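Let's take a friendly walk through a protein structure together. Have a look at the picture first, and then we will visit a few places in it.

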Amino acid sequence: MFKNLEIPAHLIPKDPRFGVGPSLIPQAFVEKLAQSKNYLGTSHRKDNVVKLVRELQLGLKKYFNLPEGYEVVIGNGGATLFWEIMGLSLVSQGSSHFVCGEFSEKAYKAHANIPWIKAVREDVAFGESIKPFHKEGFDLTCCVLNETSTGVMNTYLPERKEGHLLCVDATSGAGQIKADFKKIDVYYFSPQKVFASEGGTYIAIMSPQAIEQAMKVSSQADRFIPIALNLKTAIEISRLHQTYNTPCLSSLFYLNEQVKLMNNLGEEEVIKEAQEKAAILYDWASEKKYLSHFVKEVSARSISVATIDVDDKYPMSELAQRLRELEIAFDIEAYRRLGRNQLRIALFHNVSKDDLKKLTQIVSYAIENC
Ligand SMILES: Cc1ncc(COP(=O)(O)O)c(C=O)c1O
């Protein structure tokens, strides 16, 4: 149906990258990195890199206006490895998971796989939001701020409860969906989403209680924790503005550039822009009869990742393929395992409003002229 589609020149976006991760890295960051002579290819234990990591940690503290005592821990392996680290390093009795999509389910599976801790799950149907709560007998409560696979944001977080830590996977919402740090003990993310970096790194913002728990678990004689997966190791080395093993220097560089860029605006303004982008997509979905909202609950529609169902008559995989061939839009298809005729589009900070408007016009043009 869309195999021979051509797009009028005035609808072509400035940047074709609409994917939810790895996401658009501004060309200016790449050029700045290419021009720097004292960073790439230098030691991560020496001044130039250490200074940048320190600046990055301070930049994140400023951006999130972190409460006193919270620390920014950095390590290799991304959010996926961090699930394992949490299971090995933070759980005394058990972890309780609130599953609303692929990623929150993967976090559960990582913990269910560790023989010496208990892991339980509460589920909702994919496309619905979930309200986490602290469960008796489980000291870690794990949830996701933005379920990248479904485009659901979970803004409700439970109040603090003695003996429980709240761990929030903020990977695709961090920076753009507000969260109350006073309720959160571990706010972790991979930076290849809103923060416009590359995969392979995790950032874990930790409360004093979470740090204390990591120290306690690591001192338990009956616990085996591989050194590289021990959060205590990561906390201590992050205090020196380093990572335990060699990091990807370009990732840290891009992330720091994006944090500076977002700090120039401040979190409130970044969120306001995200809301405006979301309105472009969701108003369009409400207006066109061949589109419908996958997320029915209005307040759970993500302002970071938009998912919009399309009438089965118009195969979106084919349209996405054609737009990819034309290099007009990349990575707009649904999460692969959701199996829906759907568009999934990043509303991340670097994706411009103008380009998002053009993308909606392109899809409408394709459908209405096929
Ligand atoms: C919400 C969420 N959690 C975790 C991950 C895993 O991140 P990584 O692939 O960097 O390990 C992703 C990746 O897209 C994600 O969207």
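Which residue in strand 11 does Leu291 stand opposite? Keep that in mind as you read about the sheet. The model you are looking at is predicted.

## A sheet of strands

Leu291 stands opposite Val310, which lies in strand 11. Strand 10 and strand 11 (residues 305-310) are paired in the antiparallel sense, over 3 bridges.

These strands belong to an open sheet of 3 strands, with the order 10-11-12 and antiparallel pairing. At its edges are strand 10 (291-293) and strand 12 (342-346), each of which pairs on one side only. From one strand to the next, the twist averages 35 degrees.

## Two helices that meet

Two packed helices are described by the angle between their axes and the distance between those axes. For helix 3 (residues 78-89) and helix 4 (residues 102-112), the axes come within 9 Å and cross at roughly 40 degrees. The two helices are therefore oblique to each other, and helix 3 passes helix 4 in a right-handed crossing.

Where they touch, helix 3 brings Trp83, Glu84 and Gly87, while helix 4 brings Lys106, Ala107, Ala110 and His111. This contact divides into 3 nonpolar, 2 polar and 2 charged residues.

## Around the ligand

Helix 3 turns up again here: it gives the largest share of the shell around the ligand, with 3 residues. Residues around the ligand include Gly78, Ala79, Thr80, Phe103 and Asp169. Sorted by class, the shell has 3 nonpolar, 8 polar and 1 charged residues.

Conventions: Residues are numbered from 1 along each chain as its sequence is written. This is a predicted model: local features need pLDDT of at least 70, side-chain atom pairs count only at pLDDT 80 or more; totals for chains, interfaces and linings use all residues. A residue is near a molecule or strand if its C-beta atom, placed from the backbone, lies within 6 Å of it. Helices (H or I, at least four residues) and strands (E, at least two) are DSSP runs, numbered from the N terminus. Ala, Val, Leu, Ile, Met, Phe, Trp, Tyr, Cys and Pro count as nonpolar, Asp, Glu, Lys and Arg as charged, and the others, Gly among them, as polar. Axes are lines fitted to C-alpha atoms, for helices over the stretch in contact, and angles run from 0 to 180 degrees between N-to-C directions. Angles under 35 degrees count as roughly parallel, over 145 as roughly antiparallel, 65 to 115 as roughly perpendicular and the rest as oblique. A crossing is left-handed if the near helix is turned anticlockwise from the far one by less than a right angle, and right-handed if clockwise. Two residues are in contact if their C-beta atoms, placed from the backbone, lie within 7 Å. Two strands pair if DSSP finds at least two bridges between them.
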